[in-house]
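User: I'd like a close look at one part of this model, with some context around it. Here is the structure.

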Amino acid sequence: MKFRVDHEVLAEAVAWAARMLPSRPAVPVLSCLLLEAGEDLVLSAFDYDVSARIRVDADVSEPGRVLLPGRVLAEIARSLPGEAVEVVADGAEAVLTCGSATFDLRTMPVEDFPALPAMPPKAGAVGGGVFASAVGQVAPAASRDETLPMLTGVRVDISGESVTMAATDRYRIAAREFDWRPERPGVEAAAVIPARVLVEAARSLRGGEVTVGLGDGIAGFESAGRSITVRLLDEQFIDYRSRLAGDWSIRADLRTAPFLDAIKRIRLVAESNTAIRLSFTPGRVTVQAGGGEVGRGTEVLDAELSGDDIQIAFQSQFLLDGLAGVGTEFVRLNLESPTRPALIAEVPGDAEPEFRYLVMSLRQV
């Protein structure tokens, strides 16, 4: 195998593919990247659950395939001088040359690398910006507890031209609805996708339209020469829609950005298990935290209150995650009592909010 490629193109492609390499591969071959030179250059990573492929332009003089240590290749590609890179592979060794720098890399047997899954059937497509925004809003609510795999995923419900993403860790629920272009009218589908993979897909595929595929226990995402597949989690999930619905006797509307900034400031004096306390009275909300060895902080903001006065407390990071997902100038807190969860929602005018975030309150001592 022999090809030449621009060093910046190679460095970007290797860095992207290497991010998908497992931190503790089950077998040594899974720590490698597969390079396939044909009409162009394709780099692939796979760990039996997640696969990644990226296709880039290259001047291929001798087609072939080679398996190289992924993270070592990424470090080398990142440090190369600004000249074209030539790679020649023959047998157990590959020679990488860039300017005056030459690296001889040991290869691994290509036949030991597992076959990558094909992209599942196309379900629809959505703009990369919308896709990234939706994932960024809901993924923080997914659990990190691997003993409950279902909660480490993001539930994706597809109904015709509408998609809803939802995640929960039992202490909060985040949900975002958006429109997309289905592959066929009236398509109905549901899947639970590992949140960490969905976050990576959203971050790296946001540049253009993202094609989403579902089938045979696999989800796939593809955009601009890059593709990711991932094995789905069990479809079992909580009935999040019923928990986000209901009547709320108290409602408070605030400007999102000042409220978010105030909580960031006040939490500086909050110890790890100290709550952010919100006291709502007509026309204002008092944000408080602290009281331990560090001290305490208080800030007062304008708020439009409908209903009775209320004092309620939340875990500060949970509250910040919810507010950070709000994309409108105003945010609405729907409240019932100091011991019941609160629903954070966007205030988009007459339309239904696209983003909802239900968060448990904390008992105040």
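Leaving aside its neighbours within four places in sequence, which residues is Met119 in contact with?

Analyst: A word on the source first. This is a predicted model, in which local features need pLDDT of at least 70 and side-chain atom pairs count only at pLDDT 80 or more, while totals for chains, interfaces and linings use all residues. Residues are numbered from 1 along each chain as its sequence is written, and side-chain values use heavy atoms, with hydrogens and water left out.

Now to your residue. Setting aside neighbours within four places in sequence, Met119 is in contact with Gly220, Phe221, Glu222, Ser227, Ile228 and Thr229, contact meaning heavy atoms within 4.5 Å. Met119 itself sits in the loop between β9 (101-106) and β10 (122-127); strands here are DSSP runs of E, at least two residues, and helices are runs of H or I, at least four, both numbered from the N terminus. Because its relative accessibility is 25%, Met119 counts as partly exposed, the class between buried (under 20% relative accessible area) and exposed (over 50%), with a 1.4 Å probe and protein chains only. As for Thr168, 49 residues away along the chain, its C-alpha atom is 28 Å from that of Met119.

Along with Phe131, Met165, Phe259, Leu278 and Phe280, Phe221 touches the most other members of the largest nonpolar core, which has 102 residues. Such a core is a set of buried Ala, Val, Leu, Ile, Met, Phe, Trp, Tyr and Cys residues joined through side-chain atoms within 4.5 Å. Helix α1 (residues 7-18) gives this core its largest share, six residues. Phe221 also turns up in the contact list of Phe131, which, neighbours within four places in sequence aside, takes in Val126, Met165, Leu198, Ala201, Ala202 and Val210 too.

The axes of α6 (residues 256-266) and α7 (residues 316-324) come within 10 Å and cross at roughly 155°, axes being lines fitted to C-alpha atoms over the stretch in contact, with angles from 0 to 180 degrees between N-to-C directions. Thr256, Phe259, Leu260, Ile263 and Lys264 of α6 meet Leu319, Leu320, Leu323 and Ala324 of α7.

Stepping back, the protein comes to seven helices and 27 strands, and buried residues make up 50% of its 365 residues.
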